[in-house]
Amino acid sequence: HWKLPVVVRSSEGEQRILIESESVTVAAGDDPVINAGADGFYRVAYSPELRTGLRERLSTLSGEERYAVISDAWADVLAGGSAAVDYLGLVADLDGEPEVDVWQRILAGLGELDRVAPAGVRPAVQGFVRDLVADKADAMGWTPTEGEDDRSRKLRGTLIAALGNLGDDAETQSRARLVFEEVREGEPVDAEVADAALSVVARNGDISDFARFLEISDASETPQEVVKYLRAAAVVPDRTGAEELFRMVLDGRIRRQDAFWVIAIMLGHRDNGPRVWELMKENWDALLAQMPPATGRRIIELIPNRSEPAIAADIEAWLAHHPIKGGEKFAQQQVELMKVRVGLREREADRLGEAF
């Protein structure tokens, strides 16, 4: 056992405890905050009763503490300790959250639920995201105000991308296309807004967008632009585009230093991932030959997104018989993370439908 320093704050005051044995009982009020200050490296799982009280007090916590509470709540869902509906209830009242880090943590959990939600339930998840994000996004608008700090600008971009992608908001998607065209025409657009608009256009694009992104990437004179638009092409939800990009990796049209992350993104893609996995198996040796040895293992960075039970089982079996040189341990870790998401899908698919 590790010695674990724990800080507890409640109406009874603040207590500092060193846990050395298997369990410690703490006398506290009915409003405890475990890991007060959010400096501890451990997870906290609240009982349903304490979680309800904590939800009512979230606005009184520091930004760091709110981040820790949301992060711990999602970890508990992944571990099967609580249901996704408990997580949804916890974050539902955070529509006015001011901190970008907390928003990113909230949206990361919602993004994972979106990936495992059955097709008939996804619109409800998207509606939940719109209800949560819309007011704050509208209040911030699309243009920075004078004297605005970088974190506020980053928050604006985060909310625009969330509303247009995870929330599937048609108005945001249309506005994003207009902003994207403004950027291409050289008009001044805030960098965070420009990146968010590109993300929305790409993730809701078609084969013509795919071709345009590749054209822009090829013509770009800076490495940053090359990567930005190649990444945009990799997330377009079009099977034909994904197959073409895969061929470009195989025949060397994609630079070796970019090949691994292009494949990783496509393998983790909700729509294109299953097809890309089939292509990977069919061209395994040729694919790895296009990767520098130090980065070959990173083609499986996003296999946790492949939580479909049959595909996940196939990936696990394949990697067991086709090890990536130097990446054996990494593969085991990624498979473990994938199996956690398979469990999430199997537990929550039906329960999400009932919750909504």
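Contact here means heavy atoms within 4.5 Å. The model is predicted: local features need pLDDT of at least 70, side-chain atom pairs count only at pLDDT 80 or more, and totals for chains, interfaces and linings use all residues. Residues are numbered from 1 along each chain as its sequence is written, and side-chain values use heavy atoms, with hydrogens and water left out.

K281 lies in helix α13, which spans residues 273-282. Helices (H or I, at least four residues) and strands (E, at least two) are DSSP runs, numbered from the N terminus. With neighbours within four places in sequence set aside, K281 contacts D314 and W318. Its relative accessibility is 19%, so K281 counts as buried. Buried means under 20% relative accessible area, exposed over 50%, and partly exposed in between (1.4 Å probe, protein chains only).

A73 belongs to helix α2, residues 63-79. A73 is buried because its relative accessibility is 16%. Residues up to four places away in sequence not counted, A73 touches S82, Y87 and L90. The C-alpha atoms of A73 and Y46 are 8.4 Å apart, while 27 residues separate the two along the chain.

A73 also takes part in helix packing. Helix α2 packs against helix α3 (residues 84-91) at an angle of about 165°, and the axes are 9 Å apart. The two helices are therefore roughly antiparallel. Axes are lines fitted to C-alpha atoms, for helices over the stretch in contact, and angles run from 0 to 180 degrees between N-to-C directions. Angles under 35 degrees count as roughly parallel, over 145 as roughly antiparallel, 65 to 115 as roughly perpendicular and the rest as oblique. The crossing of α2 and α3 is left-handed (the near helix is turned anticlockwise from the far one by less than a right angle; clockwise would be right-handed). From α2, the contact draws on V69, I70, A73, W74 and V77; from α3, on A84, Y87, L90 and V91. Nine of these residues are nonpolar, none polar and none charged. Ala, Val, Leu, Ile, Met, Phe, Trp, Tyr, Cys and Pro count as nonpolar, Asp, Glu, Lys and Arg as charged, and the others, Gly among them, as polar.

An open sheet is built from three strands in the order β2-β1-β3, with antiparallel pairing. The edges are β2 (13-19) and β3 (33-34); each has a single partner strand, so one side of each lacks a neighbour in the sheet. Strands pair if DSSP finds at least two bridges between them. Strand β1 (residues 4-10) pairs with β3 in the antiparallel sense over two bridges. V8 has I34 of β3 as its bridge partner.
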